[in-house]
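Trainee: I have a new protein to look at, and I would like to learn how to read it. Could you go through it with me?

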Amino acid sequence: MSGRRLSLDFWNTALGLAAFSAFSFLYLPIITLIVFSFNSNNVTKLPLTGWTLDWYTKALTNHDLLTALWNSVVVASSTVVVCLLIGIPTAFTLDRFEFVGKNLFRRLVLLPITLPGIITGVSILSFFSMLKIPLSLWTVIIGHGTAFTAIVVTSLFARLQRFDRRMEEASADAGARPWQTFLFITLPNIRTALIGSALICFTLSFDEIPVTFFLTGRDNTLPMYIWSVVRRGITPEINAIGTIIVVASIAILFFSILLVNEDKK
């Protein structure tokens, strides 16, 4: 009995160490970035020489950086709108209708997200070049929407598969119009899938580089700006803006959790 207990303790300790190592591998670089964003040394290296908020001041007064950040927010927000406008009707079509080539259509919808970003970017660039469409933030938005719409489709389709259609039938029997049934019955039941897929699309679009690299014009997004800067070395300004993004991401995460928990009540 004691031998079994010792064996169990050993495996629990081993699993705990493995979990600790995995989380350390994932989060230690983020913690390092945050710590160095407050370091007074203008070079990202040890030892720490002091604490300062100057790098945040410089980051928030850097016109090029703020412009790139705003461009990324615009692109990511617009991408979410595009993905939802295309993904919602597509998911409902796949769930509610039977038609010839349905399985092939589902696979084609998933194709852009399964391809490497470089392939997607080059193919869309070739398409725009053929149509002589100048590159801009709009072409980036179209490219991101093409790549990430599948996230909305798959997430919403999976939720619709678990949705009890009898609730819609009961609403119709009670005299509700189709738009009322959708607004008060269907939408509340698929809201969590929409919120989750929208947040994923926003996050992926915000830090997308391969597709953006081929489709951007003169306007930089934040990942492209950071990429151009870090080729000369990581500066504390980049650490500061990275910390701000991490904090904002955590806030968005908690906001989404609150919405999901509210939806379950």
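Mentor: Gladly! Let us begin with helices: helices (H or I, at least four residues) and strands (E, at least two) are DSSP runs, numbered from the N terminus. Here, I30 lies in helix α1, which covers residues 2-37. This is a predicted model, where local features need pLDDT of at least 70, side-chain atom pairs count only at pLDDT 80 or more, and totals for chains, interfaces and linings use all residues. Residues are numbered from 1 along each chain as its sequence is written, and side-chain values use heavy atoms, with hydrogens and water left out.

Trainee: What is the mean pLDDT of the protein?

Mentor: pLDDT is the predictor's confidence in each residue, from 0 to 100. The mean for the protein is 80, and 89% of its residues reach 70 or more. Confidence is highest in α3, at 88, and lowest in helix α11 (residues 236-264), at a mean of 72.

Trainee: Is T120 buried or exposed?

Mentor: Buried means under 20% relative accessible area, exposed over 50%, and partly exposed in between (1.4 Å probe, protein chains only). T120 has a relative accessible area of 5%, so T120 is buried. T120 sits in helix α5 (residues 117-130). Contact means heavy atoms within 4.5 Å; setting aside residues up to four places away in sequence, T120 touches P112, L115, A147 and V211.

Trainee: Which residues make up the largest nonpolar core?

Mentor: In soluble globular proteins, nonpolar side chains tend to be buried together. A nonpolar core is a set of buried Ala, Val, Leu, Ile, Met, Phe, Trp, Tyr and Cys residues joined through side-chain atoms within 4.5 Å. The largest one here has eleven residues: A91, F92, L94, V109, A150, V153, L156, F157, L160, I190 and L194. Two or more residues each come from α3 (63-96), α6 (137-161) and α8 (178-206), and α6 gives the largest share, five residues. Another core lies apart from it, with nine residues, among them A76, F206, I238 and I241.

Trainee: And how many salt bridges are there?

Mentor: Side chains of opposite charge can pair when their charged atoms come close. A salt bridge is a side-chain nitrogen of Lys or Arg within 4 Å of a carboxyl oxygen of Asp or Glu. The count comes to one salt bridge: R96 pairs with D95, and their closest N and O atoms are 2.8 Å apart. R96 is partly exposed, at 24% relative accessible area, whereas D95 is buried, at 15%.
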